[in-house]
Amino acid sequence: MQRFLKPFIIAVLASSLAATTAFAHAFLDHAVPGVGMTVSAPVREIRLYYTQGVITAFSHVHVASDAGAVIPTGKLVNAPSDQQTVIVRLGRALGPGGYSLSWQVTSVDTHVTQGTFHFTVS
Amino acid sequence: MMSHKSHKTSLACAGAFAAAAILAGIGPASAHTIIGDRIFPATLAISDPGTNDELTLPTFTWTNNADGSVSYSWNGFYGKRITADLEVQIFSSFLHQVNPRLNGWTGITTDVVDQIMVSNEHEFVVSLGVAELWGATGTPGIAPQFTTISPQLFIGKGFGDAPWDWARPIAVTGAIAYNVPTVAAVFNNNVLVTQNPTSLFYGFTLQYSLVYMNGYVQEVPEILRNLIPTFEGNFTTPVSNIGPSIPGAIPGTHETTGVVGPGLYYVAHDYQLGIYGAFPINRGSGKHPGVFANVDFYLDDLFPNTLGKPIFGGPESSAFDPWHAFK
């Protein structure tokens, strides 16, 4: 249905509009470790998969243990050839315990979105 | 004195006028709204509580009315943000009715909605609006020849700030409007044709957002993570200028009427699909359940640099935040 409707709407709304690829707010589609999930130790990186491309230079991620200890992270990067995936390299492997990840990203169309989720390392 | 046949016809027309006024006065689906981490979808029982740039084409309704008629309508809606908090809307419907047969346009409704309170942190929004169903803008015999004005209040709250994970995907929205026809009664050769009561329209949605759950609480299987199931309802209570009860008249003109039922919304990247099963709450609300459905395009995502952004200012709300006002 999307293939039919999108060209229809673009045609109806006049050719004077700047034609753009369909951008959208970058919401979190899924993550590894998963949102609310429990995974086996050790965890050395976290991957965030968004619904749209993310500009990592204008995005931030914060990881902390349930005890409040901040986990150092490296510079955010996109996966090769996939701007919708953000790779968070951790300064140290995560051991057993609970962790919270807070993210704020800027999508390729400059919309800013944010969120927080929890996961557990067993 | 009106004959029985002309009386029934007049009442049928009055029913169509009333239905159109109520439907258009509030309108079917309006903008989806993003407040903080929460997407409030463009719901079908009532409008969502905030502002955005949106095209809903179409909203389809199928209703089995109390007078025995069956109505099908297709609605087109366009909403444009002037600023991040101020939106103007225009919409109209084409009605196809059987028993009695009617085909035509129900008139043009415009609406101005202003977000007056927004808390992104607490996923809370309050908006005020004024809608006008403009008289004589539709098909004669279907659309009213008089204008109806409807001041409105919308409210929405997501519970992402709840301390229990099971509650965080929940959101509720509410709407209330007071419909005031500008003509109290319509006469034909000094014979009363219709009496146009003022009425209170109010409704709610209760949402359990799997979209929210997947992004912020607990990963959801891929097949479910775009869904927002709801339970919704809307009601109309005549308030004044109701007129006397007429034996054998169409049920529902002197009582609260309404529909309730389950809804389901599929939220994609730049559009939304929705469907809602509307079950009458009493005999006056309809003979059988009906169905509402919509296709809603998120213009802020489809055209972020042109149609999809406010005319003046940036996309962030500057409305009053009650949580931070007194800090």
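Predicted model: local features only at pLDDT ≥ 70, side-chain atom pairs only at ≥ 80, totals over all residues.
Visitor: Let's start with chain B. How many helices and strands are there in it?

Guide: Chain B has three helices and 16 strands. Of its 327 residues, 54% count as buried.

Visitor: What share of the contacts in chain B joins residues at least 24 apart?

Guide: Taking contacts between residues at least 6 apart in sequence, 61% join residues at least 24 apart.

Visitor: Now the empty spaces. What does rolling a probe over the atoms show?

Guide: With a probe the size of a water molecule, one sees where empty space is left. In this model there are two cavities of 30 Å³ or more. The largest cavity has a volume of about 90 Å³.

Visitor: Which residues line the largest cavity?

Guide: Both chains take part. Chain A brings A:Phe27 and A:Leu28. From chain B come B:Asp37, B:Arg38, B:Ile39, B:Ser209, B:Val211, B:Tyr212, B:Gly215 and B:Tyr216. Two elements of chain B give two or more residues to this lining: strand S2 (38–40) and helix H2 (210–216). H2(B) gives the most, with four residues.

Visitor: How does the lining of the largest cavity divide by class?

Guide: Six residues are nonpolar, two are polar and two are charged.

Visitor: What is the volume of the second largest pocket?

Guide: The second largest pocket has a volume of about 560 Å³. Its lining has 27 residues, and the closest to the pocket centre are A:His25, A:His111, B:Ile34, B:Pro315 and B:Glu316. The elements that give two or more residues here are strand S9 (112–121) of chain A, along with strand S1 (33–35) and strand S6 (102–119) of chain B. By class, the lining of this pocket has eight nonpolar, 14 polar and five charged residues.

Visitor: On to the sheets. In what order do the strands of the open sheet in chain A run?

Guide: The order is S2-S9-S8-S4-S5 in chain A, five strands with mixed pairing. Strand S2 (38–39) and strand S5 (70–71) of chain A are at the edges with a single partner strand each, so one side of each has no neighbour in the sheet. Further in, strand S4 (residues 54–65) and strand S8 (residues 97–107) of chain A pair in the antiparallel sense over eight bridges. As a landmark for your viewer, A:Val54 stands opposite A:Ser107 in S8(A).

Visitor: In chain B, which residue stands opposite B:Thr56 in S4(B)?

Guide: That is B:Phe77. The strands here are S3 (residues 54–64) and S4 (residues 70–81) of chain B, which pair in the antiparallel sense over nine bridges. S3(B) also pairs with strand S16 (residues 288–298) of chain B, antiparallel again, over eight bridges. In S16(B), B:Asp296 stands opposite B:Thr56.

Visitor: And which residue takes a positive phi in the hairpin of S3(B) and S4(B)?

Guide: B:Gly68, with phi near 95 degrees, in a hairpin that has five residues between the strands.

Visitor: What should I expect of phi and of peptide bonds in general?

Guide: Most residues other than glycine have a negative phi, and most peptide bonds are trans. Two residues here are worth a look. A:Ser81 has a positive phi near 60 degrees, and A:Ser81 lies in the loop between strand S6 (77–79) and strand S7 (82–94) of chain A. B:Asn189 also has a positive phi, about 55 degrees, and B:Asn189 sits in the loop between strand S10 (185–188) and strand S11 (191–195) of chain B.

Visitor: Is A:Ser81 buried or exposed?

Guide: A:Ser81 is exposed, with a relative accessible area of 86%. B:Asn189 counts as exposed too, at 70% relative accessibility.

Terms used
Residues numbered from 1 in each chain as written. Chains lettered and ligands numbered in written order. Heavy atoms only, no water. 1 Å grid on protein atoms, 1.4 Å probe; cavity = no way out; pocket = protein on both sides within 12 Å on 5 of 7 lines; lining within 4 Å. Points joined across faces, edges and corners; volume = space filled by probe spheres on them. Nonpolar A, V, L, I, M, F, W, Y, C, P; charged D, E, K, R; others polar. Pairing = 2+ DSSP bridges. Buried < 20%, exposed > 50% of the residue type's maximum accessible area, 1.4 Å probe, protein only. Contact = heavy atoms within 4.5 Å.
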